[in-house]
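Visitor: Could you walk me through the charged side-chain pairs in this model?
Guide: Gladly, let's look at it together.

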Amino acid sequence: MIRAIYPGSFDPVTLGHLDIIQRASRSVDELIVGVLNNGGKTPLFTIDERVSMLKEVTEGLLNVKVLSFSGLLVDFARQTEATVVVRGLRAISDFEYELQMAQTNHKLNPQVDTMFMATSLDYSYLSSTIVKEVAFFQGDIREFVPEAIVGRIQEKVKAALQ
């Protein structure tokens with residue numbers, strides 16, 4: 001059985017993330033969406049909110065589980081018995097960073113390999129940072145995120161601006 005992890009902050013989840021989740025879930029037996037609790041960042045959404053949103057938008061994908069984690073990805077992989085890490089690539093600059101991370105992770109845990117997936121052209125420009133920036137300027141984010149979470153993002157932004 002191939003169990004993979006697709007890690008990220010997902011603050012918020014975008015259609016690009018969802019595209020990778022859907023495609024990766026077809027390539028593995030089980031896909032764990034690992035929501036990183038990164039103490040070095042100040043996210044818009046709490047870890048519980050991000051996990052909840054991801055569970056909602058992936059509920060139809062039967063082999064996808066959403067879990068939160070903190071610390072090293074390789075430790076999380078060991079805990080969940082995952083042997084593959086899935087990473088989406090938007091540009092060459094992503095590849096340079098992701099290759100270093102993949103090599104480091106493999107050095108720390110030789111049982112873990114990384115599978116790179118090219119982002120669909122429709123989402124190659126998209127990031128959570130861009131979504132938040134557009135939302136903070138009251139732009140239309142419906143083409144960037146799943147419809148189910150548009151209102152949540154707008155509410156968070158409104159509260160942050162008050």
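Visitor: Is Arg152 buried, partly exposed or exposed?
Guide: Buried means under 20% relative accessible area, exposed over 50%, and partly exposed in between, with a 1.4 Å probe and protein chains only. This is a predicted model, where local features need pLDDT of at least 70, side-chain atom pairs count only at pLDDT 80 or more, and totals for chains, interfaces and linings use all residues. Residues are numbered from 1 along each chain as its sequence is written, and side-chain values use heavy atoms, leaving out hydrogens and water. At 28% relative accessibility, Arg152 is partly exposed.

Visitor: Which residue meets Arg152 in a salt bridge?
Guide: A salt bridge here is a side-chain nitrogen of Lys or Arg within 4 Å of a carboxyl oxygen of Asp or Glu. For Arg152 the N to O distance is 2.3 Å, and the partner, at 30% relative accessibility, is partly exposed too. That partner is Glu56.

Visitor: How many residues apart in sequence are Arg152 and Glu56?
Guide: Helices are DSSP runs of H or I with at least four residues, strands are runs of E with at least two, and both are numbered from the N terminus. Arg152 sits in helix H6 (residues 147–161) and Glu56 in helix H2 (residues 47–57), so their pair ties together parts separated in sequence by 96 residues.

Visitor: What is the relative accessible area of Glu30, which forms a salt bridge with Lys65?
Guide: In this pair the closest N and O atoms are 3.9 Å apart. Lys65 is partly exposed at 38%, whereas Glu30 is buried, its relative accessible area being 14%.
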